[in-house]
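This briefing goes through parts of one protein structure, topic by topic. Keep the sequence and the 3D view open while reading.

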Amino acid sequence: MSTDTLRQKAPDFITRSEDPFTGGPAPEHLLDPVTPYEHFFVRDHTANPTIDAATHTVSVRALDGTEVELRMDDLATLSRHEVTATLQCAGNRRSGLFRVRDVPGEVPWGDEAVSTALWSGWRLRDVLVLAGVEADAGGAHIETVGSDLISKPDGAINFGGSIPAAKAYTDDVLLADRMNGEALRVEHGHPLRLVVPGYIGARSTKWVTSIAALAEPSDNFYQRAYSVYPEHMTREDHDPAAGMPLAELPVNSVTCVPAPGAVTAGRVRVAGWATAGDDRHITRVEVSVDGGATWTDARFRDEPRPFVWALWELDVELAAGAHELVVRATDSAGTMQPDDPAPLWNFKGYMNNAWHRTELQAH
Ligand SMILES: Nc1nc2c(c(=O)[nH]1)N[C@H]1C(S)=C(S)[C@@H](COP(=O)(O)O)O[C@H]1N2
Ligand SMILES: [Mo]
């Protein structure tokens with residue numbers, strides 16, 4: 001097997017399910033500016049398709065139905081762009097919602113469905129224009145579909161979804177063929193994936209085979225599957241029309257170290273990440289060691305910017321005894337994470353961005 005078809009995740013990778021494969025890195029690997037392949041989280045819905053990049057084609061369809069087939073060689077005529085972007089699953093931090101009420105039938109993510117890479121490829125906009133689909137051609141949404149085929153009771157379907165054209169034509173939405181300086185590995189979408197910075201991971205379609213301009217959002221199953229429903233609705237008894245398909249990520253933050261449990265009393269280094277949605281950036285991260293009664297600003301390792309997590313840290317003094325460490329972030333729109341996860345509960349378990357709490361026992 002070539003390296004692009006062999007999964008080589010780290011020995012301490014937290015595997016949440018084998019088939020489909022889902023998992024992510026141990027929290028201490030989420031403190032580096034970019035996440036190496038061996039730690040980068042994976043969210044598949046079925047077995048990975050194996051695609052020969054040499055013969056792979058992507059069809060691009062305009063609103064009027066005109067269709068153009070592009071090969072990887074055609075894309076390579078476009079100018080290459082790079083974006084450092086954090087990818088985060090809408091289900092990240094789902095375990096925090098389990099504590100409110102069970103979320104049956106979904107991947108039991110902890111805080112590890114998030115990673116950052118340097119993506120390289122071509123602007124989706126340039127690919128659309130190459131195929132003759134200009135921004136003003138009337139398509140209000142751009143759909144991408146992958147070649148993975150997922151079995152459902154009524155037949156098999158391809159994974160796909162759409163993003164608003166206003167987002168699709170921005171500088172930073174890429175069709176990437178490279179990740180952290182190497183060719184995309186199979187589980188991350190080889191040979192071509194979409195990268196939509198600031199949106200839920202599900203909109204970053206892997207193994208892209210078709211792109212289409214649409215008047216309405218995509219009717220792909222996964223466009224609707226990634227929706228939030230009112231807190232009182234359950235899987236068995238929900239109104240499909242009440243779902244709100246997800247796009248932008250909410251402002252969020254997590255403490256990666258120390259892990260919950262025992263710590264040595266005295267000076268303790270606290271560190272983690274914070275993310276903002278769409279093209280917003282993080283403006284403030286606050287840490288409390290007394291359950292949220294008093295707060296101290298954390299410092300950023302680098303100036304926060306859009307699309308990529310803000311890594312933060314703070315040294316705190318912990319006396320012997322129990323402490324509840326809490327972190328909360330604010331973004332450039334002035335939005336702060338909510339305190340309480342209870343009203344965020346939804347039966348799909350998406351978008352938990354409640355204050356992140358770590359129970360510590362200092363000795
Ligand atoms: N074709 C295809 N694209 C996909 C998926 C998939 O199952 N099939 N999973 C999506 C989801 S839900 C997430 S969170 C991200 C995960 O990307 P990664 O596996 O490279 O981390 O890919 C998205 N793109
Ligand atoms: Mo996801």
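A residue is called buried when its relative accessible area is under 20%, exposed when it is over 50%, and partly exposed in between, using a 1.4 Å probe and protein chains only. Helices (H or I, at least four residues) and strands (E, at least two) are DSSP runs, numbered from the N terminus. By these terms, strand β16 (residues 252-257) is mostly covered, since five of its six residues are buried.

The model is predicted: local features need pLDDT of at least 70, side-chain atom pairs count only at pLDDT 80 or more, and totals for chains, interfaces and linings use all residues. Residues are numbered from 1 along each chain as its sequence is written, chains are lettered from A and ligands numbered from 1 in the order in which they are written, and side-chain values use heavy atoms, with hydrogens and water left out.

**Strand pairing**

- Two strands count as paired if DSSP finds at least two bridges between them.
- Strands of a sheet pair through backbone hydrogen bonds, either parallel or antiparallel.
- Strands β16 and β18 run antiparallel and are joined by five bridges.
- Within this pair, T255 has G272 in β18 as its bridge partner.

**The five-stranded sheet**

- An open sheet with mixed pairing is formed by five strands, in the order β5-β4-β13-β8-β9.
- The edges are taken by β5 (67-71) and β9 (155-164); each has a single partner strand, so one side of each is left without a neighbour in the sheet.
- On average, neighbouring strands of this sheet are turned by 25° against each other, direction ignored. Axes here are lines fitted to C-alpha atoms, for helices over the stretch in contact, and angles run from 0 to 180 degrees between N-to-C directions.
- Inside the sheet, β4 (residues 57-61) pairs with β13 (residues 208-214) in the parallel sense over three bridges.
- S59 has S210 in β13 as its bridge partner.

**Salt bridges**

- A salt bridge is a side-chain nitrogen of Lys or Arg within 4 Å of a carboxyl oxygen of Asp or Glu. The count by this rule is 23 salt bridges.
- One of them joins the side chains of E231 and R101, at 3.3 Å from N to O. This pair links distant parts of the chain, 130 residues apart: E231 lies in the loop between β14 (227-228) and β15 (244-245), and R101 in the loop between α2 (94-98) and β7 (114-123).
- E231 is partly exposed, with a relative accessible area of 36%, and R101 is partly exposed at 33%.
- D315 and R267 also meet in a salt bridge, at 3.9 Å from N to O. D315 belongs to strand β22 (residues 310-318) and R267 to strand β18 (residues 266-275), 48 residues apart.
- D315 is partly exposed, with a relative accessible area of 32%, whereas R267 is exposed at 60%.
- D315 forms a salt bridge with R299 too, with the closest N and O atoms 3.9 Å apart. R299 sits in strand β21 (residues 299-300), 16 residues from D315.
- R299 is partly exposed, with a relative accessible area of 42%.
- Salt bridges with shared partners join R267, R269, R299, E313, D315 and E317 into one network.

**A buried tryptophan**

- W109 is in the loop between α2 and β7.
- W109 is buried, with a relative accessible area of 1%.
- W109 and A131 are 22 residues apart along the chain, and their C-alpha atoms are separated by 39 Å.
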